Structures are given as C-alpha cells and as structure tokens.
Amino acid sequence: MNDKRSNIEIGRVNSEIAANSDTAAASIGNANNNGGPDSLGTYYADLHVHIGRTNAGNPVKISGSRNLTFGNIAREAEERKGISLIGIIDCHSPGVQQDIDNYLQAGEMKELQEGGIAYGGTTILLGSELEIREPGMGPAHLLVFYPDLAAMKSFTKWLEKHMKNVNLSSQRIYVPARKLQQEVYARGGIVIPAHIFTPHRSIYGSCAPRMEQVLDLERISAVELGLSADSEMAGLLSELDPYTILTNSDAHSLGKIGREYNELRIAKPNYQEFEKALNRKEGRRVAANYGLNPRLGKYHRTFCGGCSYIIDEAGISVERCPYCGSTKLVRGVQDRIRSIADRTEPAVPSHRPPYHYQVPLEFIPGLGPAKFEALLRAFGTEMNILHQVSEQELSGVVGSELAGSICAARAGRLALSSGGGGTYGKVDKSNGLSK
C-alpha cells in the first residue's frame with residue numbers, strides 16, 4: 001500500500017493533527033492535566049472495535065464492513081463519536097500492522113511514550129481478539145492489549161506458530177488458555193475475557209460455568225459484559241467480584257462504534273492510564289459504564305428456533321419452548337446467568353461503577369440520517385449530544401418531540417421490547433416512556 005492510498009483511506013488529512021499530536025490526549029475541558037490525582041479528567045472509551053478490511057482491501061473480520069479500516073475507525077472516533085480512547089482489536093494482523101506503519105511514517109499518527117497511537121484527540125489501543133477452546137469445553141473469546149506496535153508485532157510472530165491464519169480476526173489459537181495468558185503478560189500485555197455471557201463464544205455463555213475452570217484468575221485485568229448483560233446481572237456470580245467491568249460496542253461497522261462505552265477518570269488517554277484505571281490505582285478508575293438496557297441485546301432472552309418466539313416471560317427457564325414444544329433453543333443471557341449463579345440476589349461490589357442504561361441514537365424512532373447529521377453539525381460529536389447538550393438546545397435543531405425522545409433515551413426511560421436469538425430488541429413507541 002502506498003502513502004497516497006493511505007491518505008485517501010483515512011479521508012481528509014489535517015496538517016494540524018501532526019503538529020498537535022503531542023497533545024493528542026486532550027479531551028473536553030481536560031487538555032492540560034498534569035497527571036496528579038486532582039487533575040484527572042473524564043474521557044470516553046470503547047475498547048472493542050473490529051477491522052473489516054485493510055487499506056489494500058484484504059479481509060480481516062469477514063463479517064465487518066469493508067470501510068471499517070484502521071484509519072476510518074480513528075477518524076470516526078475522533079471526529080464524529082467524540083471517543084478519546086478506542087480499542088482496535090484486530091491489530092495482530094500483519095496487513096493491519098502495515099497500515100499502522102504507513103500512518104506513522106506519514107506523520108498522520110504518532111506512537112505515545114505512555115502507550116497507544118495518537119490521532120488528533122483520540123488515542124488508539126492496539127488489541128487482538130482470539131478464540132480459545134479447552135478440551136471438552138466450548139469456545140470463548142479473549143481480548144488482548146499491548147502498549148505499542150513493537151510488542152504487538154512480537155506477539156504476532158508467536159501467534160503465527162499456533163493458529164491457521166494470523167491475518168484474520170477472532171481466530172482460534174491452538175494452545176492452552178493459561179499458556180496464552182502467560183505469553184501475553186510476559187510480553188507486557190493484558191487479557192480481558194470478551195462478552196462473557198453471550199451464548200456464542202464466551203467464557204460463561206458457551207465455555208464453562210466458572211471462569212476458574214478455564215483461565216488463571218490472576219492473569220485477568222478486567223471483564224467485558226457484552227450487549228445483553230449489565231453489572232447487576234454480573235453480581236449474581238461471586239467469581240466476578242474482584243474485576244473491573246467494561247462494556248464495549250463490539251462494532252462491526254463504523255456506525256456501531258460507541259453504542260456501548262465507558263467513562264474513565266484518568267489523567268490522559270493512553271495505555272498506562274488505561275491499565276491504572278482497570279487496576280483502580282492512583283485514583284484512576286472506570287467511573288461509569290454506558291450500555292444498552294439488556295432487553296435491547298440480541299441474546300437477552302431465550303429464543304426458540306422452532307417457532308422463532310422470544311421467551312420473555314419473567315421467571316421462565318425452560319428446556320422446551322412453552323409455545324411449540326421445540327428443543328431448538330438459543331439460551332438467553334439472563335436465563336444462562338440464572339442457571340450458573342451462586343447467588344439468589346445480585347451483590348454489586350462497592351468498587352464497581354454505576355451502569356447507565358442508554359439507548360443508542362440509532363435506535364431512536366424518527367432520528368433518521370438527515371436529522372442525525374444536523375445534530376452533529378450543531379454539536380460536534382455523539383458524546384456531546386449524549387452528555388452535554390440540553391433538551392432545549394436539541395429541540396432547536398430537531399424539534400421538541402424528538403429532543404424529548406433523545407433525552408429519554410440517554411436516561412434509559414424508553415419502553416423496550418426484548419431481543420433474543422440474534423435479533424435486537426426494539427424501542428416500543430406504543431408504550432411510551434418507562435418509569
């Protein structure tokens with residue numbers, strides 16, 4: 001790939017980005033933090049975004065959008081989403097690494113001494129998603145992060161010996177899970193089990209009823225909930241009590257970036273500060289999780305493959321569909337957690353951040369592309385729209401009814417119908433606002 005193509009792919013390359021890259025960690029109102037505990041700022045982070053293609057057009061995540069490239073993700077996060085820390089989790093792919101090298105050499109991005117790659121006001125964390133499968137167990141996905149490109153390239157050389165196609169995303173690695181953990185931490189990285197409750201390829205959803213049966217619990221830096229669970233549901237499992245919880249988008253297209261995200265209290269967005277936040281050191285922490293109400297998740301309730309019915313009755317945990325009798329069930333996250341829980345009531349540790357239900361803007365009925373673009377022109381980024389802009393200001397752009405829906409969405413007060421079996425839940429306009 002040549003630099004000209006690189007420039008086309010990332011879109012408009014602003015010379016000011018390179019000039020200001022030393023201050024790329026600045027966030028809204030927090031551009032001059034010195035790193036002390038009294039100068040911590042608020043930054044938004046989405047740590048699970050896939051790459052669909054390299055700049056040369058080679059596939060990485062087969063199910064990802066073609067325009068989901070390293071450069072386009074950086075641009076979307078910085079210019080439209082307002083996300084300061086973005087985790088791109090296919091950076092083990094040699095083709096992706098070539099793209100990163102090109103951006104660094106062209107001066108469009110810059111590696112930070114504290115870890116991560118700066119693009120404008122956004123820092124990219126270099127990650128990888130891998131599939132493990134222990135004997136007699138189902139598959140599970142793990143996220144791995146490294147502070148710099150050199151460490152990731154070294155990891156790739158090791159991976160090549162233990163997987164069939166290192167160029168692709170989410171590939172199975174043919175080593176014991178604990179051996180993988182040892183390798184990652186020995187190289188200065190961290191491990192985060194991904195979407196831990198989803199029925200396909202997750203620790204609890206498809207692999208084992210306890211994480212300790214699969215992983216070394218001392219070599220886990222955090223856990224990621226997934227779209228169909230929240231921190232209260234995680235509180236039914238005592239094994240999760242020590243860990244910081246993250247909620248991320250698992251985006252397979254640019255528009256899905258930031259549909260779930262985290263609020264961090266850190267000095268600047270970089271790898272070192274992120275790691276401190278996960279370990280709750282020096283005042284750094286994950287201050288809040290923002291995510292879908294689990295009812296909107298694709299796998300919240302059990303789904304019948306026989307009659308396509310989402311079994312959403314409270315208290316039901318079934319082996320057969322109560323409507324058609326079929327045993328072709330996709331066990332929902334809520335029902336799976338109930339079946340493996342060691343508590344009857346959730347116990348949420350004091351260190352765990354609040355979980356805010358927030359309906360993504362794309363789910364709001366009536367907010368089409370034209371009105372959404374009008375909001376971005378007026379207020380800059382989605383994070384501004386979701387956190388900074390008043391209902392009155394929104395009303396001036398999209399009208400009072402839609403402004404009211406946006407405010408209800410960010411407060412988690414829209415009525416919802418449940419998702420299941422791979423189908424998202426929906427905002428139910430007929431039922432108005434929930435209490």
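How are H11 and H13 oriented relative to each other: parallel, antiparallel, perpendicular or oblique?

**View 1. Packing of helix H11 against helix H13.** In this predicted model, in which local features need pLDDT of at least 70, side-chain atom pairs count only at pLDDT 80 or more, and totals for chains, interfaces and linings use all residues, helix H11 (residues 369-379) and helix H13 (residues 391-398) pack at an angle of about 125°, with their axes 9 Å apart. H11 and H13 are therefore oblique to each other, given that angles under 35 degrees count as roughly parallel, over 145 as roughly antiparallel, 65 to 115 as roughly perpendicular and the rest as oblique. Axes are lines fitted to C-alpha atoms, for helices over the stretch in contact, and angles run from 0 to 180 degrees between N-to-C directions. From H11, the contact (heavy atoms within 4.5 Å) involves Lys371, Ala374, Leu375, Ala378 and Phe379, and from H13 it involves Glu393, Leu394, Val397 and Val398. Residues are numbered from 1 along each chain as its sequence is written, and side-chain values use heavy atoms, with hydrogens and water left out.

**View 2. Strand S10 and its two pairings.** Strand S10 (residues 261-266) is mostly covered, since five of its six residues are buried, where buried means under 20% relative accessible area, exposed over 50% and partly exposed in between (1.4 Å probe, protein chains only). Helices (H or I, at least four residues) and strands (E, at least two) are DSSP runs, numbered from the N terminus, and two strands pair if DSSP finds at least two bridges between them. Strand S1 (residues 41-49) runs antiparallel to S10 and is joined to it by five bridges, with Tyr43 standing opposite Leu264 in S10. S10 is also joined by five bridges to S11, again in an antiparallel arrangement, and here Tyr261 has Tyr290 in S11 as its bridge partner.

View 3. Most residues other than glycine have a negative phi. Arg280 is partly exposed, with a relative accessible area of 35%. Glu282 lies in the loop between H9 and S11 and has a positive phi near 55°.

**View 4. The surroundings of Met163.** Met163 lies in the loop between helix H5 (149-159) and helix H6 (177-186), and Met163 is buried, with a relative accessible area of 9%. Leaving aside residues up to four places away in sequence, Met163 touches Leu130, Gln171, Arg172, Ile173 and Tyr174.
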